[in-house]
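Subject: Structure for you to look at

Hello,

Here is the structure we talked about.

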Amino acid sequence: MTAVTLSSSPAADACMSFAASRLANPNIKEETSLIIWDPAKGIEHFIRQVKFEKAPKDFAFVIPVPSIPDFAEAPADLFKWIDAELYPHGETKGRGLLEGAVGGSGGGKPAVVKVLKRQDVAGLNATVITSESAEALTAWLKKNKYSIPKDATPWIKHYVDLKWNFIALKINPSKKGKVAKSIASPMLRISFATKRPFFPYRESEARKSVSGREFSLFVIAPTKLVGKYESEEPWSTYQETGKLISRSPKAKATKSGYEFEDSKLVAFLDELQGKPAKPEDFYVQHFRNNEERRPLAEDLYFDPPVGK
């Protein structure tokens with residue numbers, strides 16, 4: 001992802017964050033993401049919540065995707081549900097839920113850049129764009145008042161060469177003329193067709209190191225998956241835990257005894273599939289680490305272990 005600015009300041013990051021105004025450049029301090037992979041349909045559902053530091057009045061982030069995506073608001077407590085499933089006794093929590101933000105709006109386009117979709121969702125303004133030219137796409141972003149980091153064009157060109165699309169998401173984290181100490185992106189589900197589930201891990205070469213940035217990634221699929229870079233190098237990070245998600249009703253203590261309720265996480269996953277899933281349909285993994293800079297400027301892909 002890259003963080004983008006609306007107006008005139010450079011910024012930095014792993015989808016691409018571009019900020020707005022000269023007040024400050026937003027830095028990613030924490031990020032928690034979820035990949036839900038449906039191999040039968042070839043669909044990835046991607047949900048990401050990011051905590052930005054020193055966020056200016058208006059800023060945005062751009063996410064590359066291999067196809068035209070669909071958008072929907074994700075449940076506010078989704079990461080809490082996953083935590084409860086993985087850590088029922090509270091022995092190790094993924095991360096507390098961050099607070100949401102409010103969105104902004106967009107503008108026109110040069111002829112060589114196609115606007116494929118616009119949608120207001122989850123307090124965000126989402127615009128899906130594509131182009132055969134990184135320079136034209138950069139010009140479109142600038143014309144629409146995004147301030148592009150100087151090193152952004154090679155990052156954009158990588159995905160243009162892959163013939164991918166770009167999602168530009170605008171948010172408005174603080175009042176006019178103010179800089180928020182920290183702000184979190186809203187809970188947005190992005191669903192798209194892809195041959196392999198992937199995570200937008202690539203960052204610009206000039207991205208400044210961020211001390212103690214917390215990274216947490218959940219992956220839900222019918223089977224265990226292994227992360228690899230684009231170059232097929234293995235992704236070395238700490239996997240905290242993994243397990244099949246239980247369909248058993250959850251016990252809830254009340255004054256009169258125990259009541260049982262269906263898992264909200266399972267109900268959400270069933271809704272995504274459009275039908276009740278089998279117990280073995282959902283295996284959840286949790287990867288996390290503290291990272292100052294990502295070791296390779298490549299995206300992550302996920303495959304079953306060799307021989308599975």
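Of the protein's 308 residues, 53% are buried, where buried means under 20% relative accessible area, exposed over 50%, and partly exposed in between, with a 1.4 Å probe and protein chains only. This is a predicted model, in which local features need pLDDT of at least 70 and side-chain atom pairs count only at pLDDT 80 or more, while totals for chains, interfaces and linings use all residues. Residues are numbered from 1 along each chain as its sequence is written, and side-chain values use heavy atoms, with hydrogens and water left out.

The protein has 21 strands and four helices; these are DSSP runs numbered from the N terminus, with at least two residues (E) for a strand and at least four (H or I) for a helix. Among contacts (heavy atoms within 4.5 Å) with a separation of 6 or more, 75% join residues 24 or more positions apart.

Next, the aromatic rings. Rings of Phe, Tyr and Trp (its six-membered ring) pair if their centres lie within 6.5 Å; planes under 30 degrees apart are stacked, over 60 edge-to-face, and the rest tilted. The count is 18 aromatic pairs. One of them, Phe198 with Tyr301, is tilted, at 6.0 Å centre to centre and 35 degrees between the planes. Phe198 lies in strand β14 (residues 198–199) and Tyr301 in strand β21 (residues 300–303), so the pair links parts of the chain 103 residues apart. Phe198 is buried at a relative accessible area of 1%, and Tyr301 is buried at 13%.

Ring pairs also link Phe46, Phe199, Tyr201, Phe215, Tyr229, Trp235, Phe287 and Phe302 into a cluster.

Regards
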